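This report looks at the inside of a protein model and at some of its charged side chains. Please keep the structure in view while reading.

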Amino acid sequence: GALLDSELQRFFYAVGMPMLQGYGLSEATPIISANSLGKGRHRFGSSGKVIQPLELKILDNDGNEMPLGEKGEIVIKGENVMAGYWKNPSATAETVVDGWLHTGDMGYMGKDGFLYVLGRFKSLLISSDGEKYSPEGMEEAMVDKSPYIDQVIVYNNQNPYTIALVVPSKENLSRAIEERGIEGDARYQEAAKIIAQEVAKYRSGGAFADEFPDRWVPAVIAIADEPFTEQNGLVNSTMKVVRNKVEKHFADAIAHAYTPEGKAVDNERNILALKHFL
């Protein structure tokens, strides 16, 4: 599941329904940390205290252990760590190294002794100057708050700007265009404009401008010509988007977004993609 919004947590506490966040994954069968009731046993925004007797480290990209308060990949060791993936020794070797499970999740240990999970370590955006940022919160917000975006991947791999690869909502876009009385090819330009306006809400001056750093909000939009599904291998059996497969599948669309022609949301490639949906 996704990270629990701390404001949502505060709301439920305020109405007398304590909501506690924990963290784990199947490979850790399945718990790593948890908040619990009682004084000093929970922190809003945290994933709780690490269960005992579990060992946990936070590592950077080079495998160096990070000090308290510094973010990196969450790596654990203990009797709850899986023996391996069924009949997949190569995937096992990549994930469990000398008994340490590399979760692929980014977080940090606070000085208060609580674990804070931030997103996927392996899905970080990396700007041209080397700064890193986790895109998952932004992606979830765009899907949750926009009726016109069904799926989205935010992408930057040492590029001068960030892009959004968007799967539009066919039903909601079609309805909006119909209500505006737009017909013919102008329908596709209008659809592209609507999607661009949704992303622009996260930039300076927009309705959600304060939610994410402006420099990471997508400057260019690439529109996918098909949804991410289990059938095309772009989501897994738990319906989570497999980012590296999406990036590979839509490599041409992503590359086009970094060309002068690709910067306009109503570029020819995006219009053709919208014709698949509308």
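The sections below cover the basis of the model, its nonpolar cores and its salt bridges.

## Basis

This is a predicted model, in which local features need pLDDT of at least 70 and side-chain atom pairs count only at pLDDT 80 or more, while totals for chains, interfaces and linings use all residues. Residues are numbered from 1 along each chain as its sequence is written, and side-chain values use heavy atoms, leaving out hydrogens and water.

## Nonpolar cores

A nonpolar core is a set of buried Ala, Val, Leu, Ile, Met, Phe, Trp, Tyr and Cys residues joined through side-chain atoms within 4.5 Å. Buried means under 20% relative accessible area, exposed over 50%, and partly exposed in between (1.4 Å probe, protein chains only).

The largest nonpolar core has 49 residues, and L165, L173, F228, F250 and L274 have the most contacts inside it. A second, separate core has 17 residues, including A28, L56, V96 and L101.

## Salt bridges

A salt bridge here is a side-chain nitrogen of Lys or Arg within 4 Å of a carboxyl oxygen of Asp or Glu. By this rule there are 9 salt bridges.

One of them joins the side chains of D129 and R215 (3.4 Å, N to O). D129 is exposed, at 54% relative accessible area, whereas R215 is partly exposed, at 42%. Salt bridges with shared partners link D129, E131 and R215 into one network.

Another joins E190 and R180 (2.5 Å, N to O). E190 is buried, at 14% relative accessibility, and R180 is partly exposed, at 43%.
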